[in-house]
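My notebook is open, and I am going to look up a few things here one at a time. Come along if you like to see how such entries are put together.

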Amino acid sequence: MENVSKENARFFLKNIIVPNDRSSCKSESSASKEKQSCGGIKIFLGALSFVYFAKALSGSYLKSTITQIERRFDIPSSLVGVIDGSFELGNLLIIILVSYFGAKLHRPKIIGAGCLIMSVGTFFIAMPQFFMGRYRYEILPSSTNSSISISPCLHDKHQIPLSVLERPQAKINAGCEKEAGTSMWIYVFLGNLLRGIGETPIQPLGITYIDDYASEESAAFYIGCVQTVAIIGPIFGFLLGSLCAKLYVDIGFVDLDSITITPKDVQWVGAWWLGYVVAGIISVLAAIPFWFLPKHLSRPESRKDSNTSSEQSKFITEDNREHHKPYTQQLKIVEMAKDFLPSLKNLFGNPVYFLYLCASVIQFNSLIGMVTYKPKYIEQQYGQSSSKTNFVIGMINIPAVAFGIFSGGLIMKKFRINVVGAAKLSLGSSFFGYLLLFTLFAMGCENSDVAGLTVSYEGIKQVSHYEQALFSECNSGCICSENEWDPICGENGITYVSACLAGCKSSNGSGKNAMLGNCSCVEITDSLSRSSSAVIGTCQKGSECANMFLYFLVISVITSYTLSIGGTPGYILLLRCINPQLKSFALGIYTLAIRVLAGIPAPVYFGMSIDNTCLKWGSKRCGGRGACRLYDSNAFRYVYLGLTVVLGTMSIFLSIAVLFILKKRFVPQDENIAATGERGTVLARNSKDNFVTCDHLIQTAYWPDKETRL
C-alpha cells in the first residue's frame with residue numbers, strides 16, 4: 001500500500017511540473033539518443049570492470065606475498081604492515097584533488113592515466129629481485145645453498161665456524177647488510193605507494209560516471225556488476241600467488257636440485273616478484289580503452305529533468321532551484337576551489353554521511369587487518385604452505401565474496417529497496433557476519449611441540465617461553481647457537497630448533513634426504529624404543545588440526561558471503577544521502593578516510609600485535625632480529641580474531657545509529673504538497689497517501705548556496 005501511495009504521489013507531481021506540451025511518447029530522435037547512451041555506458045562499464053580486475057589482481061597478489069616478502073627481506077610483520085599501508089598513503093596524497101577536480105574534468109582519461117601510474121608502481125615492486133643477491137636461507141653465513149651444513153652437535157669449540165658464535169655488532173662489516181639486501185624493502189614500499197597514487201581516480205570517478213549516466217533502476221545493478229567482476233581479480237591474484245609460491249625465488253638463476261628446503265619450510269621463499277611483472281602488464285592493457293571514451297554521455301530520458309534520483313529527492317532539497325539545471329558550464333580552477341570548503345562543510349554537516357563514514361572506517365579497520373594477515377594466520381595456525389593457503393583463499397573465499405556482493409546488488413534491484421532498506425540490509429549482513437566470526441575462536445590448533453619453546457625436552461607442556469629453555473642437560477655437551485633456526489623432526493614427534501640443540505652426533509645423506517642419528521634429546525623422550533633419529537624439517541600437525549582446518553574453511557566461506565551482501569547497499573546509501581553535485585567529492589572523502597584511518601594503521605597495529613605472539617625470532621646474516629619463525633598458536637588466534645570481532649562490533653553500533661536517524665527522518669505521514677510562485681500552486685491532501693516531502697525530512701533555517709543538509 002505504501003508503494004502504491006508513493007507511485008500515486010510521484011505521478012501527481014509529474015503531471016504538475018512537466019509542461020503540458022510534452023509528448024507522452026518518445027520521439028525517434030530521443031529513442032536513438034537513449035540507445036546510444038545505453039551503448040556508451042555499457043562500454044564504460046566493461047572498461048571499468050577490467051580496470052577493477054587489474055587493480056584487484058595486483059592488490060590481492062600483494063596480500064598473498066606478505067609472508068614471502070617478510071622472509072625475503074627478513075623483516076617483522078609490523079614492517080610488512082607499513083609496506084602494505086603505503087598503498088593507502090599513495091591514495092592520501094591526491095585523493096581529495098582527484099575526486100573534487102576530477103569530476104569537472106575528463107574522467108575517463110584521468111582513470112586511464114591512473115592505470116599507467118599503477119603499472120609503473122607494480123613493476124617497481126618487482127625491481128629489488130634483480131638488484132639484490134641470491135636468497136640465502138641457511139643460518140650459517142659461511143655455507144652456500146649447494147653445500148649446506150646440518151650443524152650436528154660439536155664438542156670442540158675449535159670445530160665451530162666463526163659465524164656460529166655470537167659476534168659483537170661492531171665486527172659486522174659495512175658490506176654485509178648490502179649483500180643481504182635487507183634494505184631493499186624500501187623499493188617495495190615506494191612501488192606500492194605509486195600503485196596507490198595510480199588507483200586513486202578509479203573508484204570515485206568511475207562509480208559516479210556510472211551513476212550519472214545510467215538509469216536510476218540500473219545504477220545499483222551496474223555498480224554491483226563492477227564490484228562483482230572486480231572480485232575475479234583477487235581470485236586470479238591469489239591463484240597467481242599460489243603458483244609463484246611453489247616456484248623458488250631464484251628460479252632460473254640457481255640449480256633447483258641444490259635447494260635443501262621445501263615449500264612447507266618456514267624459510268621457503270617463492271618467486272614473489274614474478275606475479276608483479278604479470279600484474280603490471282595487465283594494468284597497462286587496462287588503461288588503453290579510457291583514452292577513447294567521451295567526457296560526457298547523454299542522460300537517460302528518466303533522469304533528464306533532474307540531477308537527483310527519486311531517492312535523493314526524498315532527502316535533498318534546495319531552495320535555489322537553479323541547482324536543478326544541468327551542471328554543464330565549465331568552471332575555472334579558482335572558482336571550483338572557492339566551493340571546496342563549503343562543500344566539505346556540507347558533507348560533514350550531513351549526520352547520515354558522517355555516521356556512516358565513522359562506521360565504515362571502524363569496519364574497514366577490522367576487514368583490512370583480517371584480510372592482510374589471513375594467509376599468515378592459516379599458515380601458522382593450521383600448518384599449511386603458502387601455496388595451498390593462497391589457492392584456498394582464491395578458490396573458496398573470494399568467490400563467496402563475489403557472490404555476496406552480487407546478491408546485494410540483485411536484492412536492491414529486484415525488490416526496489418529504498419535508502420532505509422539499504423541501511424537495514426547493510427546492518428543485518430554485518431551483524432550476522434561478525435556473529436559467525438565468534439565461532440572461529442573454537443576452531444584453532446594447539447601449538448606444535450617444539451622442544452624448549454612450547455614443550456620441555458622431556459615432552460612436558462610448559463607455560464613460560466624463554467630462550468634459555470633451548471638448552472637442556474641432553475645437549476649440554478654441545479656448543480650450539482640459540483639464534484639458529486634449522487629445525488629437525490624427531491621420531492618422537494617433537495620438533496627441535498636445530499640438530500645441534502637436539503644433541504645429534506651423526507648425519508647420513510645430504511640435502512632434503514639427510515638423516516640425523518644419535519640425537520640424545522630425542523632418545524630421552526622415547527626411552528622404550530631407544531630411537532634417536534630425526535629428519536630435516538618441522539613435524540606435521542596431527543589429524544585433529546586438519547579437521548579443524550576444514551571447519552574453519554566452511555565457516556570462513558559463510559562469513560565472507562554474509563559480510564559481502566552489505567557492500568552494494570552501503571554504496572547506494574552513500575550515494576543517495578548527499579547532493580548529486582558532490583557525489584565524486586563525497587566518495588573521495590569517504591575513500592580518503594578509509595585509506596588514512598583504516599588502510600594505513602590497520603596492517604601496522606595488527607602486525608605489531610601479531611609480532612608479540614612470536615616465540616622464536618630468526619636472525620639476520622649480519623646480526624640483528626629477522627623474521628619470526630614460530631608463533632604461539634593460541635595467542636595468535638586470540639589476537640587476530642579478537643581485534644577483528646571487537647572492531648566489527650563497534651561498527652555495528654554506529655550502523656544502528658545511522659538507521660535510527662534515517663528512520664526518524666523518513667517517516668511516512670499525511671502531507672500537504674504545495675508549490676508556489678511562478679511554478680504554480682497546488683494543494684493536495686490524501687489521508688491514505690504515505691508520501692514524504694523534503695520539508696518533513698529537513699528542518700533548518702540556514703541553507704547556504706550549494707549546500708545540502710539532512
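**Terms before the sheet.** I call two strands paired if DSSP finds at least two bridges between them. Helices (H or I, at least four residues) and strands (E, at least two) are DSSP runs, numbered from the N terminus. I number residues from 1 along each chain as its sequence is written, and my side-chain values use heavy atoms, with hydrogens and water left out. The model is a predicted one, so I note the limits: local features need pLDDT of at least 70, side-chain atom pairs count only at pLDDT 80 or more, and totals for chains, interfaces and linings use all residues.

**Entry 1, the open sheet.** I looked at strand 4 (residues 515-517) and strand 5 (residues 534-536) and found them antiparallel, joined by two bridges. Leu-516 has Ala-534 of strand 5 as its bridge partner. Both strands belong to an open sheet of five strands in the order 2-1-5-4-3, with antiparallel pairing. A reminder to myself: strands of a sheet pair through backbone hydrogen bonds, either parallel or antiparallel.

I counted 24 helices and seven strands in the protein chain. For burial I use relative accessible area: buried is under 20%, exposed is over 50%, and partly exposed is in between (1.4 Å probe, protein chains only). By that rule 55% of the 710 residues are buried. I also checked contacts, meaning heavy atoms within 4.5 Å. Among those between residues at least 6 apart in sequence, 79% join residues at least 24 apart.

I then turned to strand 6 (residues 614-619), where five of the six residues are buried. Strand 6 pairs with strand 7 in the antiparallel sense over four bridges. Trp-617 stands opposite Cys-628 of strand 7.

How many cavities of 30 Å³ or more does a search of the whole structure find? The search gives eight. My rule: on a 1 Å grid over the protein atoms alone, a cavity is a set of points where a 1.4 Å probe fits but cannot get out, and lining residues have an atom within 4 Å of a point. Grid points are joined across faces, edges and corners, and a volume is the space filled by probe spheres set on the points.

I picked the second largest cavity, with a volume of about 420 Å³. Its lining has 25 residues, and Val-266, Glu-379, Gln-380, Gly-383 and Thr-538 lie nearest its centre. Helix 15 (374-382), strand 7 (625-631) and helix 23 (633-665) each supply at least two lining residues. By class I noted eight nonpolar, eleven polar and six charged residues in the lining.

Nine of the nine residues of helix 15 are buried, Glu-379 and Gln-380 among them. Just after helix 15, Gly-383 takes a positive phi of about 65°. I also looked up Arg-71, which is found in helix 3 (residues 66-72). With 11% relative accessibility, Arg-71 counts as buried. Leaving out residues up to four places away in sequence, its contacts include Val-266 and Glu-379, both listed nearest the centre of the second largest cavity.

**Entry 6, aromatic rings.** I pair rings of Phe, Tyr and Trp (its six-membered ring) if their centres lie within 6.5 Å; planes under 30 degrees apart count as stacked, over 60 as edge-to-face and the rest as tilted. The whole structure holds 24 such pairs. Phe-44 and Phe-290 have ring centres 5.9 Å apart and planes at 90°, so I logged the pair as edge-to-face. Phe-44 lies in helix 2 (residues 28-64) and Phe-290 in the loop between helix 10 (272-287) and helix 11 (310-313), so the pair ties together parts 246 residues apart in sequence. Both Phe-44 and Phe-290 are buried.

Tyr-605 and Phe-606 have ring centres 5.5 Å apart and planes at 35°, so that pair is tilted. Is Tyr-605 buried or partly exposed? At 27% relative accessibility Tyr-605 is partly exposed, whereas Phe-606, at 1%, is buried.

Technical notes: 1 Å grid on protein atoms, 1.4 Å probe; cavity = no way out; pocket = protein on both sides within 12 Å on 5 of 7 lines; lining within 4 Å. Nonpolar A, V, L, I, M, F, W, Y, C, P; charged D, E, K, R; others polar.
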